[in-house]
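Dear colleague,

Please find the structure below, handed over for your study. My notes on what was found in it follow directly after.

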Amino acid sequence: TRPGPRERVSCMSDDVARAWSRLEAWLRSNAPPLHARLAPGATAAGLARTEERLGRPLPPQVRESFSRHDGGGFWLAYVEGELQAHERAIETWSMLNGLGWGRRPDLPNEGRASGPVRPLWWHDGWLPFVGTKNLLCLDLDPAPGGQVGQVIEYLSFHERRTVLHPGIGAWLAHWADALERGEYSFDPERERLTRQDGAAPR
């Protein structure tokens with residue numbers, strides 16, 4: 001039998017919780033300063049305010065992740081990537097919305113899609129959650145064939161928009177897998193992770 005809606009939500013939340021437990025364990029053992037930077041979880045009221053500003057609900061996995069850790073500093077090795085708190089994420093979203101892509105003749109809203117993401121330069125259904133200029137976003141309004149909450153790459157100086165993972169749970173598990181395989185090491189001088197082959201992770 002197929003699981004009901006509540007069972008599916010529980011399964012997704014378990015995926016996020018399991019991935020976060022693995023990440024916490026690795027950081028605690030191998031990079032204590034980075035583990036200490038993981039922020040406490042967001043409150044239900046705070047997430048409700050974010051949803052109100054977005055004008056759409058956050059997927060259960062996203063709520064679960066923000067509720068576990070609402071940001072985490074510059075521990076990611078992705079283009080100076082900071083795991084953003086939900087309030088910082090909504091401010092970045094608001095700033096990008098305010099630039100006027102598609103509403104000004106000098107800012108055509110055209111992009112190139114790789115995967116089931118809308119071929120736009122910017123879309124108000126994309127919520128940034130990692131990065132500062134180049135971003136990882138949660139796609140809350142995907143193209144046909146995509147999944148709500150999928151993780152996409154947003155390059156600030158390139159029109160390509162790429163689907164990387166089907167959801168934040170898969171993205172967290174991807175990081176946990178990479179850490180446990182020894183693909184990254186902790187640089188104590190810079191207090192961040194570095195990839196052994198020098199390539200930028202996603």
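Thr50 is found in helix α3 (helices are DSSP runs of H or I with at least four residues, strands are runs of E with at least two, and both are numbered from the N terminus). This is a predicted model, in which local features need pLDDT of at least 70, side-chain atom pairs count only at pLDDT 80 or more, and totals for chains, interfaces and linings use all residues. Residues are numbered from 1 along each chain as its sequence is written, and side-chain values use heavy atoms, with hydrogens and water left out.

Thr50 is buried, with a relative accessible area of 4% (buried means under 20%, exposed over 50%, partly exposed in between, with a 1.4 Å probe and protein chains only). Leaving aside neighbours within four places in sequence, Thr50 is in contact with Leu58, His86 and Ile90 (contact means heavy atoms within 4.5 Å).

A search of the whole structure finds six aromatic pairs (rings of Phe, Tyr and Trp, the last by its six-membered ring, pair if their centres lie within 6.5 Å; planes under 30 degrees apart are stacked, over 60 edge-to-face, the rest tilted). One of them joins Trp122 and Tyr154 edge-to-face, at 5.6 Å centre to centre and 90 degrees between the planes. Trp122 lies in the loop between β1 (112-114) and β2 (126-131) and Tyr154 in strand β4 (residues 150-154), so this pair ties together parts 32 residues apart in sequence. Trp122 is buried at 5% relative accessible area, and Tyr154 is buried at 2%.

Yours sincerely
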